[in-house]
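Here is a friendly walk through one protein model.

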Amino acid sequence: MPITFGSTIGIQAMSGKGERPELPLNEICLRAVNKYINNYDEARSLKESIEKDGLIEPITVKEISAFLKRKDIDDLPKDEKEYYESRLNQGFKYFVTTGHRRFRAYCSLALGKDVHTDEEVENFYT
């Protein structure tokens, strides 16, 4: 189940409308640092809403290679930079900048089972 995205360079918005390039889910990872609040009931409700009404609010992604070329990349914490380099080496091309809960819900729908925890997200790729 590929995700359909907008055509903005660098940041691309998820949308099911219009002519847009598609990005496979297995090319998209989560952001290294995220303030995601892991609430199972809200996640299930969001998944059901997306299944019923489609994705209303966009999920935005950024190209990892472009992010790593930023002029201020050396100002990032070392582990964050290493995370993106590792993800790029694993074949990921994009990371979610906004919409982590929506992304997890979308992965859940694609897989047919809940993808809620960090471990479940990692297992989703295998």
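## Strands around S6

Ile 28 stands opposite Tyr 94 in strand S6. This pairing belongs to a predicted model, so please read every value below as computed from that prediction. Ile 28 is part of strand S4 (residues 28-29), which is joined to S6 by two bridges, and these two strands run parallel.

On S6 there is a second pairing to look at. Strand S5 (residues 60-63) is linked to S6 by four bridges, this time with the strands running antiparallel. In that pairing, Thr 60 faces Thr 98 of S6.

How many of the five residues of S6 are buried? Four of the five residues in S6 (residues 94-98) are buried, so the strand is largely enclosed by the rest of the structure.

## The overall fold

Stepping back, the protein holds five helices and six strands. Going along the sequence, their order is β-β-β-β-α-β-α-α-β-α-α. The protein has 126 residues, and 37% of them are buried. Contacts across the sequence are worth a look too: among those between residues at least 6 apart in sequence, 70% join residues at least 24 apart.

Two packed helices are described by the angle between their axes and the distance between the axes.

How do H1 and H4 lie, and what makes up their contact? On the H1 side, the contact is made by Glu 42, Leu 46, Lys 47, Ile 50 and Glu 51, while H4 brings Arg 101, Arg 102, Ala 105, Tyr 106, Ser 108 and Leu 109. Sorted by class, this contact of H1 with H4 has five nonpolar, one polar and five charged residues.

Now for H4 and H5. Phe 103, Arg 104, Cys 107 and Leu 111 of H4 make the contact with Asp 118, Val 121, Phe 124 and Tyr 125 of H5. By class, this contact of H4 with H5 has six nonpolar, no polar and two charged residues.

At 53% relative accessibility, Asp 118 counts as exposed, because the cut-off for exposed is over 50%. Asp 118 also pairs a sequence separation of 88 residues from Leu 30 with a C-alpha to C-alpha distance of 9.2 Å.

Is Glu 27 buried or exposed? Glu 27 has 17% relative accessibility and therefore counts as buried, the cut-off being under 20%. Glu 27 is found in the loop between strand S3 (22-23) and S4. Not counting residues up to four places away in sequence, Glu 27 touches Gly 91, Phe 92, Lys 93 and Tyr 94. Tyr 94 is also the residue of S6 that stands opposite Ile 28. Between Glu 27 and Glu 63 there are 36 residues of sequence separation, and their C-alpha atoms are 10.0 Å apart in space.

Arg 87 sits in helix H3 (residues 78-89). With 9% relative accessibility, Arg 87 counts as buried. Which residues does Arg 87 contact, leaving aside its neighbours within four places in sequence? They are Cys 29, Ile 64, Phe 92 and Glu 122. Phe 92 is also among the residues that Glu 27 touches.

Finally, Ile 73 has its place in the loop between helix H2 (64-68) and H3. Ile 73 counts as buried, at 7% relative accessibility. Apart from neighbours within four places in sequence, Ile 73 is in contact with Phe 67, Leu 68 and Lys 81.

How values were computed:
Residues are numbered from 1 along each chain as its sequence is written. This is a predicted model: local features need pLDDT of at least 70, side-chain atom pairs count only at pLDDT 80 or more; totals for chains, interfaces and linings use all residues. Side-chain values use heavy atoms; hydrogens and water are left out. Contact means heavy atoms within 4.5 Å. Ala, Val, Leu, Ile, Met, Phe, Trp, Tyr, Cys and Pro count as nonpolar, Asp, Glu, Lys and Arg as charged, and the others, Gly among them, as polar. Buried means under 20% relative accessible area, exposed over 50%, partly exposed in between (1.4 Å probe, protein chains only). Two strands pair if DSSP finds at least two bridges between them.
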